[in-house]
Each structure stands twice: as C-alpha cells, then as structure tokens.
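Try each one yourself before reading the solution.

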Amino acid sequence: MLELRKDLFADERDDNLNVIGKGVQRQDMPGHVTARTRFFDDHAFDGMLHLKVVRSPHHHARIRSIDTSAAERAPGVKRVLRGADVPVNKNTLLSLINFGKDDEPSLAVSKVSYKGEPVIAILADSEAQALAARKLVRIDYDPLPAVFDVEETLKPGAPVVNETYPGNYFEYHERFDHQKLRFGDVERGFASADIVMEHRYQMSPIEHAPTETNGSIAAPEQNGRYVVHSCAQGLFFALGTTAKIVDVESNQLHFIGGTVGGGFGGKVDSLTEPLAVLGAMLTGRPVRFVLDREEEMLYGSPRGAERIYIKDGLMRDGRIVARHIRSYFDAGAYTRLSSYAAIKCTAHVPGPYWIPNVASDIYVSYTNRCPSTAMRGFGVTAVDFALEVQMDRLAEAASMDPMEFRILNAYRDGDMKPHRRAAKNTALVECVQVAAEKANWPLSEQAKRASSLIGGGAGERAQIPATQLDARGQIGRPDTRSGPVTQVLPAGTSRIAPSKQPVMEGARDGRATPTQVPRYEPQRPTAPPPPAYQPAPPPYQPASSYSPAPGHQPASPPPASPPPAAPAQTQHGAVRFSSVFGTRRR
Amino acid sequence: MAKLPIQFRLNGSDRATFVDPASNLLDTLRRGLGDFGPKYGCGQGTCGVCTVLVDGEPQLACLTLAVSCEGRQIETTSGMADGPNLHPLQDAFMDHFAAQCGFCTPGMLTAARALLAKNPQPSREEVVEAISGNICRCTGYEPIIAAILAAANAPGARRA
Amino acid sequence: MARHEGRGMASVNYPIGMNLGGDPSQALIHSNPDGKFTVALSAIDLGQGMKQVSRQIAAETLGVPIEDVYVDTADSDTGPHDMGSFASRGTHRMGNAIIVAAREARGVLLEAAAEELEVNAADLVTDGRGNIHVRGAPSRSITVKATAQAAQFKQGKTIAGRGIFLIPLSAVDAETGEMNPNTAFAHACLVADVAVDDETGEVEVLRMTSAYELGRVINPRMVEQQLVGGAWMGISHALYETPEPYYPNPEHGPRDFNEYLMPGPGDIAPYHVTVLERPAPDGPFGGKGPGEMCANPVLPAIANAVYNAVGVRVDELPITPEKILRGIKANGGAKPGPRRGGPVNWR
C-alpha cells in the first residue's frame with residue numbers, strides 16, 4: 001500500500017500539474033494483458049537457424065586442440081564458428097566509453113577462464129540439431145589451477161585468471177591496484193575514538209533470473225544491413241558492442257527492442273547479439289541465439305559477489321568519527337562492468353552519513369568464475385547491507401536506539417561528502433522519522449524535531465579536512481599494499497574541477513528554446529569558404545517568447561551566440577575519461 | 001524424421017499443421033502457428049510462462065507433446081478477449097497494475113482463468129495456490145493476487 | 001523451541017544515473033497533421049515503465065492530453081541515441097531530454113496557433129485537454145488539432161522538437177577519490193518485522209514499513225509497482241537467493257528454477273510505503289528514480305531484525321536457516337533483543 005506525504009517539502013514543489021503525479025494507466029499494459037506485446041523472440045522468420053554454443057567444462061584450462069569435423073557433418077548443421085571467425089575477438093563492454101582494456105573474447109581461443117565460457121558456436125536448422133551437434137565437438141583441454149577467492153587471487157603466485165590484468169585486479173589510473181578514497185585522517189580518528197569496531201561482510205553472487213532469458217534474432221535486411229531483435233537494456237550499447245565485434249559500420253545494424261521481459265541489469269552485456277549477427281552474415285540466414293534456463297542461471301552473468309570490511313571509530317555519545325572501508329568486487333574472469341561499480345561504490349562511501357574522517361580501498365578482483373555484471377543497485381546494494389548492519393552494531397555499542405543513531409549521524413544539506421562535494425537535496429532524516437511513525441517506533445522529541453534542512457554544513461561539516469595521502473597498492477607491487485603516509489593535503493584542497501551544469505540542448509540555463517527554422521536562401525556565387533567551426537544558428541527570437549509549460553519558470557533569454565556547449569563538453573569528457581583511466585579506446 | 005499431421009481447435013478456430021513427433025506444444029503454437037502468447041521461460045515446466053488451457057485444464061505447453069493435443073481445445077491468452085471486450089481478469093490485471101515487464105502475464109492470466117472457471121469465489125489461499133507454479137520476477141505477486149480476487153468478485157468473471 | 005519476533009531497520013540513499021555522468025539521452029518528438037504526437041526514443045522498457053513515464057513527461061510539457069502522445073521505442077533507425085536503461089537513469093536522463101524536445105515542439109505549436117488566432121504566442125496557454133487559448137480568455141481558442149492542420153497544410157511549419165540531456169563526464173582523482181558523481185540522490189528507511197523459528201532457523205517476514213523520498217512522483221501507481229516488487233526482491237536477496245550457496249566455493253549451485261530459491265506468492269509480507277517528494281533540482285519535474293534502490297534497505301533491515309529476534313548476526317548473505325541455527329548454537333541458544341515500539345500504524 002502506498003501513501004503520499006504531500007506535507008513534507010511542500011514549499012519545494014509546485015503541485016499544479018496536469019498529468020505528472022497522476023496514476024494513469026501504462027501505455028504498455030493493454031498489450032501485456034492481451035499478449036499482443038512483442039518481445040524479441042516473438043518474431044517469425046522463414047529459414048531461421050538456431051545457434052548454440054559449446055561451453056568450457058573447466059574453470060580454467062588451456063585449449064590444446066579443437067576438432068569440429070564431426071559436428072560440421074551432423075544433420076542440419078549449416079556452420080560452425082570458432083574464435084578465429086570473430087573479426088574482433090576481444091572486447092570490454094566499457095570500451096564504448098573508453099574505460100578499461102579489451103580483455104574478453106566472444107569465443108575462447110587458447111584458454112578458458114571460467115566454467116561455461118563459450119568456445120564454439122553451432123548453427124543448425126533446428127535447436128535439437130544444434131544441441132545434438134554440440135555433443136560432437138571434441139576439445140582437448142589441459143586443466144590449470146583455478147582461484148575463486150577475491151583476496152587469495154591478489155596474492156603473489158595466484159594463478160593468472162585474465163592475462164590482460166596479470167595481477168588479477170583491475171588497474172586504476174595506471175597507478176594503483178584499487179580505487180582510493182581519502183578524506184581527513186582515519187588513523188587519528190580511530191585513535192581518538194572511544195570504541196573501534198571492525199567487521200567483515202559478504203554477499204554471494206545473485207542471479208537476475210528474468211522470466212525471459214537473454215537472446216536475440218539477427219536477420220539479413222536489404223542493402224547489406226542486418227536487423228536484430230534484441231532484449232538489450234541499452235539498445236545503442238548493444239549495437240555499438242556488436243558493430244565493434246563483427247567489424248561493421250553502425251548503420252549496417254538495425255536494432256529493434258525496447259520491450260524486455262525483465263532485466264535487472266542482466267541484459268546489459270550483449271551476450272548473444274554479436275554471434276547472432278556474425279552467424280547471419282556468414283550464412284545469409286536469420287539466426288536465433290537464445291539462452292536456455294540453465295545457461296541463463298549459470299552463465300548469464302550474475303550480480304557479482306562482494307567482500308567488505310568496515311572499521312569504525314565511535315564516541316560514546318553516538319558520533320562516528322572515522323570510517324574505513326576495504327572492499328573486493330568479484331568480477332569473475334573478465335571485467336564487464338565491475339570496474340565502474342567500484343567507482344560508484346567509492347562515491348557512495350560512507351553511506352548517507354556525515355563522518356569527519358573517511359577512507360576506502362575498493363578492489364576489483366578477477367576469479368575463475370562466470371563474469372559478473374550490473375544488477376539492481378550495482379555497486380551499492382552489498383555495501384548498504386554491510387553499512388547498515390554495522391550501523392546496527394554501532395548503535396548497540398553506543399547504547400542508542402538504532403533510529404536515533406541514524407538521525408544523529410545522518411547527512412544534511414550542506415555537509416561535505418568524502419568525494420569532496422557538498423550534499424544537497426537530502427532527506428534521510430525525514431525518511432527515518434516517517435518510517436518510525438508508521439511503524440510505531442517511538443522517537444525522542446529531539447529526533448522528531450531534526451531536519452535535513454537544519455544543522456548541515458555547520459563549521460567543519462562543510463569543510464574539506466587536511467587529508468593523509470599514501471602510495472599503497474602500486475600496480476605489480478603487492479609489497480606496497482601497506483606503507484606510510486606520503487603526503488598531507490592541506491585542508492580545502494580540491495583537484496577535480498567542479499561539475500559543470502548539465503547540458504540541455506537549446507539554452508544555457510538548462511531550458512530549451514526553439515531554434516530558428518532554417519529558411520532556403522539562394523547560394524551566393526561569391527560565398528566565402530565555410531570556417532572550420534560553424535557557429536550555432538542564432539537562437540530563435542520570436543517577437544515574444546511562447547508560454548512556458550506548466551510548472552516551469554519562463555526561460556530566461558538565451559545569449560546572443562551560445563557556445564557549442566554539447567559537442568565541446570562531450571569531447572572534453574571523452575578525453576578526460578581516457579586520461580583518468582589510462583586507456584584509450586582500441 | 002517424418003512429420004505427423006495434427007489438428008486441434010486454437011482459441012475457437014480449427015488449426016492443422018505438421019509436427020515432429022518430439023515437438024512440444026509451445027514450439028508448435030509459437031513457431032508453427034504464430035501464436036506468440038505463450039512464452040519460453042525454462043523449457044522444463046518450472047516457470048509457468050507457457051501455461052495454456054487444454055480442454056480447460058491448465059497445462060505447461062513446454063512439457064506437452066504437440067501430438068497429444070490432437071482433437072483438443074487449446075486456449076491461450078491471445079484469444080482471451082471477446083473481440084474488443086476484455087475478459088474480467090484482463091480488466092482486473094490492468095486496474096491493479098498487475099504487470100510490469102509483462103512476460104509472465106499471459107501464463108498468469110491463464111492460470112487464473114483456469115482457477116475461476118472451477119472456483120468462481122476463491123479464497124486468497126486458493127489464488128496463491130493456483131499461481132504458485134508461475135514465476136513473476138517484477139511485481140512481488142501482491143498486485144496479481146489482488147487482481148484475481150477482484151476479478152472473482154466482478155460480474156462475468158465466471159466466463160472461462 | 002520457540003518462534004521469536006524481532007524488528008530491525010535500515011536507512012539508505014541512492015545515486016541516480018551513471019555515477020560519473022557522460023551518459024547522454026536524446027529524444028525526438030513530432031506531431032502528425034491531427035495534433036497527435038509521437039515521441040521517438042531508443043530507451044528500453046524492461047517493465048519499469050519507461051514508456052509511460054516518457055509519455056507523461058511529454059504530455060505535461062507539451063500541454064496536451066496523454067491520449068494524444070504515443071511513445072515509440074526502441075528502434076535504432078528512428079529513435080536517437082540513449083545510453084540505456086540501467087543505473088536508475090531512465091526517468092532522470094531521458095525525462096530531461098524529453099522535456100527539452102517537448103518544449104521545442106510546444107514552441108512551434110503555439111507559434112502556429114498564434115498565427116491562426118492573430119495574437120501573440122506569448123499570450124497563449126494550453127488547457128491540457130486539446131485546446132490552446134488566450135490567457136484569461138478561453139473563448140479565443142483553437143484546438144491543437146486545427147493548429148496542427150494549419151501548421152502542416154497552410155503555414156508550412158514542422159511541429160517537432162529534439163532534445164538531449166547530458167551530465168558532463170567527471171574525472172576521478174587517483175589518490176583522494178575526489179569526483180563529481182551523481183547530482184541527484186533518493187532516500188529511504190525501512191522497518192522489517194520478522195519471526196525466527198529457533199528450531200528450524202526459518203525466517204518469516206511478518207510485515208515491512210518504509211518511507212521513500214523519490215523526488216517528484218511522476219506516476220504513483222508505477223512507483224508503487226517498483227517499490228512493492230523491489231521489496232519482494234529484497235526479501236528474496238536477504239533470505240533465499242544465490243547461485244553459489246557456499247561462495248567462494250563454486251560447487252553445489254542451483255541450475256534452474258527447481259533449485260534456485262525465491263519466495264513464491266505464498267511467502268509475501270504485507271508492506272506499507274510512505275512516499276515523500278523532495279524534487280531533484282535537475283530532475284524532470286523534480287523526478288529521481290526508484291527502480292534500483294527499492295530492494296536495498298530490505299536486506300540489512302531483515303538482518304537486523306533477525307539479530308533483534310534471536311541475537312544472531314548473519315554477516316554473509318543470504319541469511320539461510322543453516323547460518324541462523326549455527327549462530328544460535330554458538331550463542332548457546334536464542335538471545336532475543338529489546339522490543340522496539342508497538343503494533344504498526346497502518347491497516
């Protein structure tokens with residue numbers, strides 16, 4: 001049951017809207033209840049082939065030899081694909097935003113790094129024929145030692161899971177084996193605390209288990225194009241990944257999707273589209289590649305496991321004065337998206353609380369299991385579990401009610417977060433108060449009077465403290481995982497330029513204005529050559545501006561010649577990204 | 001392998017096709033006859049998204065041999081509405097926002113339809129029992145249970 | 001041997017959109033000659049309601065009835081680029097892009113109406129029911145349909161708009177972790193009431209009570225869908241799910257729905273949600289995005305409730321009966337904690 005509390009933050013809202021805020025029916029609901037909604041697999045093609053992959057039975061093994069001759073002769077088999085058939089057989093998903101090195105083949109060539117890794121793809125007239133032929137593929141493996149623990153894998157001498165990252169960790173900034181967060185002096189905080197407490201938490205992998213399994217259908221279209229019915233959670237993400245792997249221009253691919261039978265993060269990885277398109281290109285036939293339930297469950301990339309250590313310094317009055325978090329993301333054998341989750345996790349530390357001294361070390365570890373990927377709450381869910389169980393322990397140690405303890409430590413508007421940006425638009429205090437009231441959980445008068453609007457940003461709460469830096473965890477140097485403080489950054493130091501305003505095309509104040517409709521003008525025979533940079537057309541200046549949409553302030557007049565904001569900043573961002581993470585798109 | 005001819009009524013129309021002896025009803029409906037209402041979710045009878053009615057009984061189409069349906073009445077969600085008029089269960093699912101991704105919805109509706117045909121005024125426990133073979137990963141089930149209970153009280157809900 | 005009731009809570013926040021920005025969304029909107037609008041996107045609806053959220057934001061901004069807006073997604077030939085549906089970014093990023101596009105289309109619409117009515121476009125307002133009229137003078141009006149026909153066949157105007165929304169990409173400092181992460185955060189607090197059987201180790205979630213702050217609620221029925229479904233997933237994550245029950249040992253995992261545990265329709269708990277709205281300054285109409293965070297507070301709240309019930313801390317998910325029984329045994333029996341509050345103030 002849902003109840004709206006319109007009284008809270010009412011002065012920050014204009015509720016005089018027409019359809020926003022109304023519980024009107026979903027556009028897609030009539031299709032759902034009449035079964036007229038079309039998912040990727042609900043499309044018929046004549047002469048469609050079915051693709052099945054042969055997967056590694058080993059967690060880690062060299063491939064000595066592959067013999068597909070019997071499979072190729074099997075009834076109904078039209079084509080057998082190996083790694084050598086894949087035009088660009090190494091990719092990392094986030095190469096589309098220049099983050100990380102290509103580390104994962106579509107079909108394994110010389111070794112397999114997890115049980116279930118695809119090695120061979122078989123295309124046959126029927127699913128049954130593809131499955132039968134799968135049994136005829138002979139692969140000779142030489143098993144290798146495997147590693148499954150996120151901390152064991154970082155130790156010297158551990159089997160190398162992923163040759164692209166020989167230390168079994170994702171490399172951050174071309175410098176460190178983890179992502180750091182440093183804010184203040186946690187060691188001094190622990191030394192000054194009445195109670196210091198450290199605990200270890202762990203989340204096992206979790207399967208997305210959408211009722212619709214991953215899959216796609218690719219078919220030749222006209223003009224050398226291929227249509228792809230896809231369940232991707234990012235249509236252009238999948239299109240870009242596929243175009244790179246099969247080495248075609250993006251406009252040769254026509255992706256259709258947008259109606260997906262559950263995703264939860266499990267349909268970001270383009271698990272099937274590249275091989276389906278490659279199969280369609282090589283056979284000239286429509287190709288359907290759909291995971292069965294067991295493949296989805298075991299090899300459809302889960303939410304990665306995480307191991308988290310939290311150490312806190314607590315005063316008897318309930319204030320937390322220092323927090324250190326050390327966490328290990330289990331990426332499995334390849335990076336996929338784990339590298340990004342660690343960054344997101346770093347920004348999330350120390351949870352929705354204001355703590356004067358905070359540090360974290362977030363590792364992405366490679367292990368010999370199915371690569372993990374995003375899932376609902378990626379980078380945050382497991383750490384929230386750890387943080388909030390730890391908060392329960394801390395409240396008990398301070399002999400405080402858990403709700404009161406949250407309110408005491410909650411971040412408020414204006415508080416400086418450890419990533420050095422002030423909190424705004426906060427509402428944790430109010431959520432605790434309302435939940436307590438509905439649950440009939442008594443709060444003190446003081447806790448009831450607390451507000452996200454009051455007390456934040458006062459004194460040191462708004463300041464960036466003097467911060468201890470270190471060079472621990474240099475790439476290839478596990479011996480440097482501990483070490484002294486190398487430098488103290490003075491209070492107030494900021495090294496990253498503050499965030500720019502979001503770009504909303506059309507106006508600098510973030511609100512769109514209509515642009516001038518271009519009018520036909522006869523070409524002047526003596527026109528000068530166009531300058532290298534074409535300034536944006538002058539903004540639309542009607543005799544007077546149009547009426548604003550309800551709920552919005554009128555747009556302020558745009559400047560006479562706005563800068564080409566969006567392209568310039570996009571370019572800037574891409575350059576910055578590659579420099580931050582030290583890898584250029586390949 | 002030689003194909004076998006089969007004939008059955010699908011949503012009130014006579015349909016005939018040829019199938020492999022090992023074909024299941026799900027593939028026959030979807031790929032043979034173009035009824036994409038029943039979905040593939042597991043192929044082993046554990047998720048319920050392929051549920052159809054065979055002579056009024058809910059059956060998992062993925063575990064039903066197509067040849068066993070010779071001469072039977074098959075009903076799917078595609079044929080549930082009476083022309084432009086939705087079945088009371090379909091109306092109730094809409095009113096209760098009982099679908100998100102919509103992939104389990106055809107199977108859920110079919111399971112509910114079979115329940116109400118036999119038991120027009122089910123208890124909450126009976127509704128839970130009736131859909132316990134159908135997995136939904138989005139809704140948390142509560143809106144679906146509420147919709148079925150509401151449809152049971154709606155006029156016309158007994159129409160199978 | 002007894003059943004012990006316990007109560008636990010957790011409070012969380014959640015970042016909206018790709019953490020470092022750099023994740024653009026585009027939208028295109030155009031009208032047909034009858035004043036019916038199509039929103040062309042490449043956004044993905046995986047059940048969370050992207051199509052309907054887009055539709056409501058477009059209709060509100062255009063100032064036309066919701067029936068006159070249809071969202072067409074996703075086709076890479078017709079829908080412009082969007083990063084995708086993940087990281088709780090759909091409503092925030094795509095919603096903003098749609099607002100930009102819809103405002104541009106609305107500008108042309110009102111220009112065309114102004115020409116027909118021979119008034120200033122700045123003096124025109126829409127009534128949200130398909131009419132455009134002079135502010136304060138509803139009788140001087142023209143329908144959106146007549147305006148669109150005039151624009152197409154008489155004036156030669158394209159009632160269309162395009163929009164992009166992009167938060168520029170942020171760098172991350174290697175030594176301090178300084179960055180410009182998300183610009184909008186949602187908040188929640190959840191109380192879980194459980195009963196733990198000290199003989200079997202089984203946990204029953206009796207009820208849950210929560211408060212969520214989600215910015216502007218675009219559609220309360222769809223927010224309810226997300227929060228109720230997400231809470232179910234939270235219970236499932238807390239107590240049931242994993243493909244590796246002995247992690248990091250990879251063996252003995254489930255392979256299918258026969259073996260992968262999830263709560264069924266008979267295992268769900270009554271749930272009450274209160275929603276607060278503190279609009280995000282840069283969200284569409286202040287909207288944030290509840291899609292991911294709705295499971296997050298459930299996991300620790302249940303863990304804390306189990307501790308309150310029997311005195312066992314389970315620090316490794318999922319909280320299985322085996323782990324609880326081992327904890328009870330190690331403690332020399334169930335150790336119930338203090339009772340917290342009374343019966344809930346709902347239903």
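**Exercise 1.** In which sense do strand β9 and strand β10 of chain C pair, and over how many bridges?

Solution. Keep in mind that this is a predicted model. Start by finding β9 at residues 185-197 of chain C and β10 at residues 203-213 of chain C. Next, follow their directions: the two strands pair in the antiparallel sense, over 10 bridges. For a spot check, look at Leu190(C), which sits opposite Ser210(C) in β10(C).

**Exercise 2.** Work out the strand order of the open sheet that contains this pair, and say which strands stand at its edges.

Solution. Step one is the order: the 5 strands run β1(A)-β11(C)-β10(C)-β9(C)-β1(C), with mixed pairing. Step two is the edges: β1 of chain A and β1 (3-15) of chain C each have a single partner strand, so one side of each has no neighbour in the sheet. Step three is the twist, which averages 15° from one strand to the next.

Now zoom in on where the chains meet in this sheet. Strand β1 of chain A (residues 2-5) runs parallel to strand β11 of chain C (residues 271-276), and 4 bridges join them. Here Glu3(A) stands opposite Thr274(C) in β11(C).

**Exercise 3.** Describe the contact between chain C and chain A: how many residues of each take part?

Solution. Count both sides: 143 residues of chain C are in contact with 136 residues of chain A. On the chain C side, helix α2 (residues 90-117) gives the largest share, with 9 residues. Sort that side by residue type and you get 72 nonpolar, 41 polar and 30 charged.

How far can you trust the picture? Chain C has a mean pLDDT of 96, with 100% of its residues at 70 or more. The model as a whole scores ipTM 0.97 and pTM 0.92.

**Exercise 4.** Does the radius of gyration of chain B agree or disagree with that of a compact globule?

Solution. First, the expectation: for 160 residues, a compact globule would come out near 15 Å, and chain B has 15 Å, so the two agree. Then look at the box its C-alpha atoms fill, roughly 50 × 30 × 25 Å along the principal axes. Buried residues make up 55% of the chain. Of the contacts in chain B with a separation of 6 or more, 60% join residues 24 or more positions apart.

Finish with the elements: chain B has 5 helices and 5 strands, in the pattern β-β-α-β-β-β-α-α-α-α along the sequence.

Conventions. Residues are numbered from 1 along each chain as its sequence is written. Chains are lettered from A and ligands numbered from 1 in the order in which they are written. This is a predicted model: local features need pLDDT of at least 70, side-chain atom pairs count only at pLDDT 80 or more; totals for chains, interfaces and linings use all residues. Two residues are in contact if their C-beta atoms, placed from the backbone, lie within 7 Å. Ala, Val, Leu, Ile, Met, Phe, Trp, Tyr, Cys and Pro count as nonpolar, Asp, Glu, Lys and Arg as charged, and the others, Gly among them, as polar. Two strands pair if DSSP finds at least two bridges between them. The radius of gyration is taken over C-alpha atoms; the globule rule is 2.2 Å times the number of residues to the power 0.38. A residue is buried if 20 or more other C-beta atoms lie within 10 Å of its own, exposed if 12 or fewer, and partly exposed in between; C-beta atoms are placed from the backbone. pLDDT is the predictor's confidence in each residue, from 0 to 100. Axes are lines fitted to C-alpha atoms, for helices over the stretch in contact, and angles run from 0 to 180 degrees between N-to-C directions.
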